[in-house]
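Morning, everyone. One structure today, and a few minutes to walk through it. Here it is on the screen.

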Amino acid sequence: MNFEYDDQNIFARILRGEIPNKTVFENDHALAFHDIEPQAPVHVLIVPKGPYMSFDHFADAASADEQVGFMQAVAEVCRITGVTDGFRAIANTRTHGVQDVPHFHLHILGGTQLGRMLPK
Ligand code: 5GP
């Protein structure tokens, strides 16, 4: 798999500070911010700071420190947003996964009953 990263994508621009965001949490390896069009009472996006276009690119190429830092951000976002009754983590990927922004991001959705993952 050839993972090509386009550094003009909207999340790269957010990471460079060119576009504002509503930050929920930040550490050395990840930034978490509110989705601009929330689809649930809690809708936070967690992105790695490195140039990874998808979840599988990140899993394949990110260093151990980057991967641990990202997962620590996931834990912090869950703590901060208080999704104790549960949540859904989604990583839409490429064409079949309908990924709009080609920088890996994990959606954390919660704060309500979300229903089944996919229609049967
Ligand atoms: P995807 O379809 O790639 O998984 O999701 C991209 C998400 O990014 C969408 O939920 C969309 O609302 C969100 N989004 C797109 N542009 C911006 C932006 O400029 N700021 C923020 N905070 N979210 C954005």
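How much accessible surface does the protein chain have, and what share of it belongs to carbon and sulfur atoms? The surface comes to about 7500 Å², and 52% of it belongs to carbon and sulfur. Areas are from the Shrake-Rupley method with a 1.4 Å probe; for residues, only the protein chains shown count as cover.

Ground rules. This is a predicted model: local features need pLDDT of at least 70, side-chain atom pairs count only at pLDDT 80 or more, and totals for chains, interfaces and linings use all residues. Residues are numbered from 1 along each chain as its sequence is written, and side-chain values use heavy atoms, with hydrogens and water left out.

Overall layout next. The protein chain has three helices and five strands. These are DSSP runs numbered from the N terminus: helices are H or I with at least four residues, strands are E with at least two. The order from the N terminus is α-β-β-β-α-α-β-β.

Now dimensions. The C-alpha trace spans about 35 × 35 × 30 Å along its principal axes. The radius of gyration is 14 Å, which agrees with the value near 14 Å for a compact globule of 120 residues. That radius is taken over C-alpha atoms, and the globule rule is 2.2 Å times the number of residues to the power 0.38.

Contacts: heavy atoms within 4.5 Å. Residues 24 or more positions apart account for 57% of them.

Inside, then. Buried residues make up 38% of the 120. Buried is under 20% relative accessible area, exposed is over 50%, and partly exposed is in between, with a 1.4 Å probe and protein chains only. In soluble globular proteins, nonpolar side chains tend to be buried together.

Here, the largest nonpolar core has 19 residues. By nonpolar core I mean buried Ala, Val, Leu, Ile, Met, Phe, Trp, Tyr and Cys residues joined through side-chain atoms within 4.5 Å. A32, V44, I46, F70, V74 and V77 have the most contacts inside this core. Two or more residues each come from strand 1 (23–26), strand 2 (30–34), strand 3 (42–48), helix 3 (64–81) and strand 5 (106–110). Helix 3 gives the largest share, five residues.

What does V44 touch, leaving aside neighbours within four places in sequence? The partners are V24, A32, F33, H34, D35, V77, T81, L106, H107 and I108. Another core, of seven residues, lies apart from the largest one; I14, L31, V47 and V101 are among its members.

Last topic: charges. The whole structure holds five salt bridges. The criterion is a side-chain nitrogen of Lys or Arg within 4 Å of a carboxyl oxygen of Asp or Glu.

K49 pairs with E26, closest N and O atoms 2.7 Å apart. The two sit 23 residues apart, with K49 in the loop between strand 3 and helix 2 (55–61) and E26 in strand 1. K49 is partly exposed at 33%, and E26 is partly exposed at 48%.

R94 pairs with D56 at 2.8 Å, N to O. R94 is partly exposed at 29%, and D56 at 31%. Which residues share salt-bridge partners in one network? R13, R16 and E18. Within that group, R16 and E18 meet at 2.7 Å, N to O.

That's the tour. Over to you.
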